[in-house]
Amino acid sequence: MRALLRLTVTLILGAHAHAQQLNGPGTARSGEQHFYRLSAPPSTGEYRWHLEWNDPSGGAQSWEGNESHPALNLSFAAHSSPHRLWVITSAGNSNALAIEVTPSAREPETKPAALAKTLLDVPSIAVNALTPPPSPRPSVPFLPEPQPVISSPRVESSSAANAIITTDDRDVIDLVAGISRDETTTAPNPFRVRYQPKLQTREIALNVGLVHVGQAPPLSSVIINGELYGIGDAIETLTVASISPEWIELRTSQLTARIPVQDRPVVLRLPR
């Protein structure tokens, strides 16, 4: 009777025990990379990672991915609610790890405006010529005039032509103001239309929920407004160009919008 009772207790405990144990930090700073790993990957069958959290408005969000990989590299945005991470396998789920996200402790970046102000405060020095410049020497007769040197035109790289636009003090990225209109011509044209109508604009809010930085750029992903995006995916009229723990770059043929990874939404102003 005692042996039967011990066997029953062993079967019950074995049914409730987790097949795999999940290891990783329970406290994470926003914008920094954090690594999570299974103690022992399943011997057979496929498995995937699962993450749940609430956005700033209280809505439930979830993410699944990194199939059959024993490690995961995550970068969180600062949210008030904790995250829960576990691994789903055919033999049973791993333990659920609660992750508290705290604000980033990085020091504020030095603004370029401070350096520009320091340079502007330096007084200018006037230089006065003591003697007039010598008159140009006349050319020697019976000698041929020198031929003008024709230099090849300089080709600008495509990366230099693509301007990067970041958020202003109101967390707005204005891509309409960055659209340049070519007003220069080689010769004046009296029939050219000078009036340009004002561009119609529209605004969309972008909430960055989760950033996954993979070992290679094609393996990285980000959740924006509850949707999963990877490198090359389209958001409105822009394309996801790069994903990092600090920002997400959305690119057009002329402009690049740099979306910071933060707990506040970013407003993207586009032409209608």
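A polar contact is a pair of N or O atoms within 3.5 Å; within protein, one of the two must be able to donate a hydrogen and the other to accept it. Keep that cut-off at hand for two stops on this tour. The model on screen is predicted.

**Overview**

Start with the whole chain in cartoon view. The protein has 272 residues, and buried residues make up 29% of them. Its secondary structure consists of three helices and 19 strands. Consider the contacts between residues at least 6 apart in sequence: 56% of these join residues at least 24 apart.

**Stop 1: S220**

Select S220, in the loop between β12 (208–212) and β13 (221–224). Is this residue buried or exposed? S220 counts as buried because its relative accessibility is 5%, and the cut-off for buried is under 20%.

Now show the side chain of S220 and the backbone of G214. A polar atom of the S220 side chain lies 3.0 Å from the backbone nitrogen of G214. Then display the other residues around S220. Leaving out residues up to four places away in sequence, S220 touches H212, V213, G214, G230, I231 and I243.

**Stop 2: the second largest pocket**

What classes of residue make up the lining of the second largest pocket? By class, there are eight nonpolar, nine polar and one charged residues.

**Stop 3: the nonpolar cores**

Select L175, I248, L250, I259 and L268. They have the most contacts inside the largest nonpolar core, a set of 25 residues. Strands that give two or more residues to this core are β11 (201–206), β12, β13, β16 (238–243), β17 (247–251), β18 (255–260) and β19 (266–271).

Centre the view on L250. Apart from neighbours within four places in sequence, L250 is in contact with L206, I235, L238, T239, V240, L255, T256, A257 and I259.

For the other core, select A28, Y47, V87 and I223. They are among the 19 residues of a second, separate core. Leave Y47 displayed for the next stop.

**Stop 4**

Move to T89, in strand β7. T89 has a relative accessibility of 11% and therefore counts as buried.

Go on to G92, which is found in the loop between β7 (83–89) and β8 (97–102). Because its relative accessibility is 23%, G92 counts as partly exposed. Draw a distance between the C-alpha atoms of G92 and Y47; the separation is 9.6 Å, and the two residues are 45 residues apart along the chain.

**Stop 5: E236**

Select E236, in the loop between β15 (234–235) and β16. E236 counts as partly exposed because its relative accessibility is 45%. Its backbone has a phi near 55 degrees, a positive value in a residue other than glycine.

Which residues is E236 in contact with, leaving aside its neighbours within four places in sequence? They are R202, I204 and L270. Show the side chains of E236 and R202, which are joined by a polar contact of 2.9 Å.

**Stop 6: D171**

End at D171, in the loop between β9 (163–165) and β10 (172–174). Phi of D171 is near 60 degrees, a positive value in a residue other than glycine. Is D171 buried or exposed? At 14% relative accessibility, D171 falls under the 20% cut-off and so counts as buried.

Technical notes:
Residues numbered from 1 in each chain as written. Predicted model: local features only at pLDDT ≥ 70, side-chain atom pairs only at ≥ 80, totals over all residues. Heavy atoms only, no water. Nonpolar A, V, L, I, M, F, W, Y, C, P; charged D, E, K, R; others polar. Helix = DSSP H or I, 4+ residues; strand = E, 2+ residues; numbered from the N terminus. Buried < 20%, exposed > 50% of the residue type's maximum accessible area, 1.4 Å probe, protein only. Contact = heavy atoms within 4.5 Å. Core = buried A, V, L, I, M, F, W, Y, C linked by side-chain atoms within 4.5 Å.
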